[in-house]
Amino acid sequence: MAVQRKISSTHLCALIIILLASVCNGFYLPGSYMHTYTPGESIFAKVNSLTSIETELPFSYYSLPYCKPEGGIKKSAENLGELLMGDQIDNSPYRFNMNRNESLYLCTTNPLNENEVKLLKQQTRDLYQVNMILDNLPAMRYAKQNGINIQWTGYPVGYAPPQSSEDYIINHLKFKVLVHEYEGTGVQVLGTGDETMAVVQESEKKLNGYEIVGFEVVPCSVKRDPEVMSKLKMYDTVDPVNCPVDLEKSQIIREQERVSFTYEVEFVKSDIRWPSRWDAYLKMEGARVHWFSIMNSLMVIFFLAGIVFVIFLRTVRRDLTRYEELDKEAQAQMNEELSGWKLVVGDVFREPNCSKLLCVMVGDGTQILGMAVVTIVFAALGFMSPASRGMLLTGMIILYLFLGLVAGYVGVRLWITIKGTTEGWRSVSWSVSCFFPGIVFIILTALNFILWGSKSTGAIPISLYFILISLWFCISVPLTLLGGYFGTKAEPIQYPVRTNQIPREIPARKYPSWLLVLGAGTLPFGTLFIELFFILSSIWLGRFYYVFGFLLVVFVLLVVVCAEVSVVLTYMHLCVEDWQWWWKAFYASGSVSLYVFMYSINYLIFDLRSLSGPVSAMLYLGYSLIMAIAIMLSTGTIGFLISFYFVHYLFSSVKID
């Protein structure tokens with residue numbers, strides 16, 4: 001049994017994690033405990049889904065004719081995030097005896113049939129990778145291209161050399177396991193046979209052993225005599241191999257061929273400490289690019305801040321001073337002679353078109369915005385470790401569910417502010433709870449039918465569908481209704497001016513006002529597009545994204561730019577006597593989502609050229625559409641709420657009889 005020690009945490013925290021695991025069906029923190037292994041102790045690697053940047057369709061490891069473990073295939077506990085991301089972690093026959101260098105035999109397959117050959121060749125040409133995990137560390141592979149060292153996670157299913165018309169399967173692996181010798185006392189975790197449950201017990205005795213701090217693999221293809229190899233038993237010793245080998249000695253993928261799988265293990269002592277073992281995976285590239293993006297955003301912010309400063313201190317305050325110094329007769333005469341925001345005082349708070357939809361979108365935007373703020377802050381503080389697979393997505397879903405309380409409150413309070421009555425608040429609450437989740441559900445269902453047809457592990461199981469629907473209607477909907485009820489009890493926001501019975505005619509303009517609104521989205525997009533590139537690369541090119549500190553800074557800058565853009569455009573519309581500012585304030589900052597979606601298409605065409613097939617493109621566009629809608633709702637909410645406060649403050653300074 002492995003001895004495990006909790007790092008920088010109390011026993012109480014460990015017990016809380018255990019309780020969360022039992023309640024959330026696998027919501028645990030793998031990698032939170034340090035495993036110390038004794039010499040000769042057996043450790044088995046695990047395998048994740050096969051993935052490819054060519055198709056983005058994950059498949060089960062055992063969908064290919066690989067060797068199976070002696071005790072049968074057993075799935076590891078999966079949390080909600082892992083299931084949604086298509087991760088399928090299974091046990092494997094790859095055994096490592098701590099600090100013992102070995103070269104071992106696994107198995108020899110039956111003669112490959114036509115379907116197996118077709119599948120192997122297809123996945124070889126689609127650049128599918130085998131993802132292996134040892135002590136929660138992904139297998140890392142180093143390659144050299146054009147004189148540059150490149151690191152990858154996983155190893156290819158096979159390879160097709162340009163000088164040959166044949167495909168070759170990877171059937172021999174050379175593992176290098178980096179270990180650090182450990183001495184000390186700690187906490188012993190007694191397993192119960194289930195990865196989601198454990199009993200924590202203090203250990204007074206001194207612990208001596210090794211920590212696994214690195215896991216590297218060198219893949220190669222080796223042709224072996226199947227008649228000789230089939231006489232061996234699993235884990236019998238075989239001769240080591242010098243990789244890479246000549247093509248004549250490599251294993252061809254061909255019908256009726258029998259493939260023998262072998263592997264070598266080399267343990268190497270390392271000075272890397274256990275807390276630093278993920279540094280090699282999370283090495284940040286392009287720090288100067290991140291800083292350039294931030295400096296560029298700061299220049300935009302200062303420029304817009306200058307405009308807002310001029311609006312408030314020079315224009316608005318000067319006009320207010322002149323307006324208040326005049327007597328009533330002079331005010332009436334000035335109203336006839338002048339034009340500007342002062343003339344729409346009786347219409348500026350008139351109910352907008354589709355007011356219910358606006359309340360719903362602002363409520364949903366508040367929910368998404370709150371989820372993003374909490375997630376990014378916690379991730380920047382280091383609570384969202386990549387060692388905890390699926391934790392980030394699981395945490396986001398849980399946060400979104402419970403923030404339904406805030407969404408219902410904001411949506412209903414805005415509704416009763418616009419309408420002046422609580423009538424219809426239940427309908428608004430129901431719409432808030434179903435609008436954005438309903439859109440996501442429809443898109444995911446359409447994509448899921450595509451994944452089911454492809455037999456991909458990325459398809460959401462029927463059981464998970466029921467779980468998600470249950471979470472939606474048993475947690476999010478009731479909390480949104482409760483938030484809406486609290487919204488009816490809160491005092492509605494009082495308008496500072498009265499609304500005229502007859503709406504004022506809006507003067508005609510040479511160009512549509514919506515052109516300016518859509519163009520305003522370019523400024524927030526300029527703040528985030530560089531960070532967006534890194535995020536898309538981490539999602540679609542299989543890289544780790546862990547620069548949440550930069551993401552937090554960019555997020556704060558994005559909020560400031562969205563607020564400034566909406567205030568400036570709202571003031572510009574009021575100055576030309578356009579009192580229909582509600583939706584324009586929302587879309588002034590929300591239009592950034594249009595540019596995000598267009599950039600996603602650009603990324604698909606120019607940066608994901610390896611993405612093949614209409615199925616992969618549809619999956620990419622579907623997920624990009626969900627992202628764009630979420631960005632529209634959240635950024636639009638920022639712009640609308642700030643603009644509402646600005647207009648309220650502006651007209652509360654005007655004295656009206």
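Here is a short tour, stop by stop.

This is a predicted model, in which local features need pLDDT of at least 70, side-chain atom pairs count only at pLDDT 80 or more, and totals for chains, interfaces and linings use all residues. Residues are numbered from 1 along each chain as its sequence is written, and side-chain values use heavy atoms, with hydrogens and water left out.

**Stop one: Gln123.** Select helix α3 (residues 114-125), where Gln123 sits; helices here are DSSP runs of H or I with at least four residues, numbered from the N terminus. Gln123 counts as buried because its relative accessibility is 3% (buried means under 20% relative accessible area, with a 1.4 Å probe and protein chains only). Now show Leu50, Phe59, Leu64, Tyr128 and Val157: Gln123 touches them, not counting residues up to four places away in sequence. Contact means heavy atoms within 4.5 Å.

**Stop two: a helix crossing.** Pick α7 (355-380) and α17 (residues 614-652). Their axes, lines fitted to C-alpha atoms over the stretch in contact, come within 8 Å and cross at roughly 105°. So α7 is roughly perpendicular to α17, a label for angles of 65 to 115 degrees. Among the residues making the contact are Leu358 and Met361 of α7, and Ala630 and Met632 of α17.

**Stop three: Lys584.** Leaving aside neighbours within four places in sequence, its contacts include Arg509, Trp514 and Asp578.

Technical notes. Helices (H or I, at least four residues) and strands (E, at least two) are DSSP runs, numbered from the N terminus. Buried means under 20% relative accessible area, exposed over 50%, partly exposed in between (1.4 Å probe, protein chains only). Axes are lines fitted to C-alpha atoms, for helices over the stretch in contact, and angles run from 0 to 180 degrees between N-to-C directions. Angles under 35 degrees count as roughly parallel, over 145 as roughly antiparallel, 65 to 115 as roughly perpendicular and the rest as oblique.
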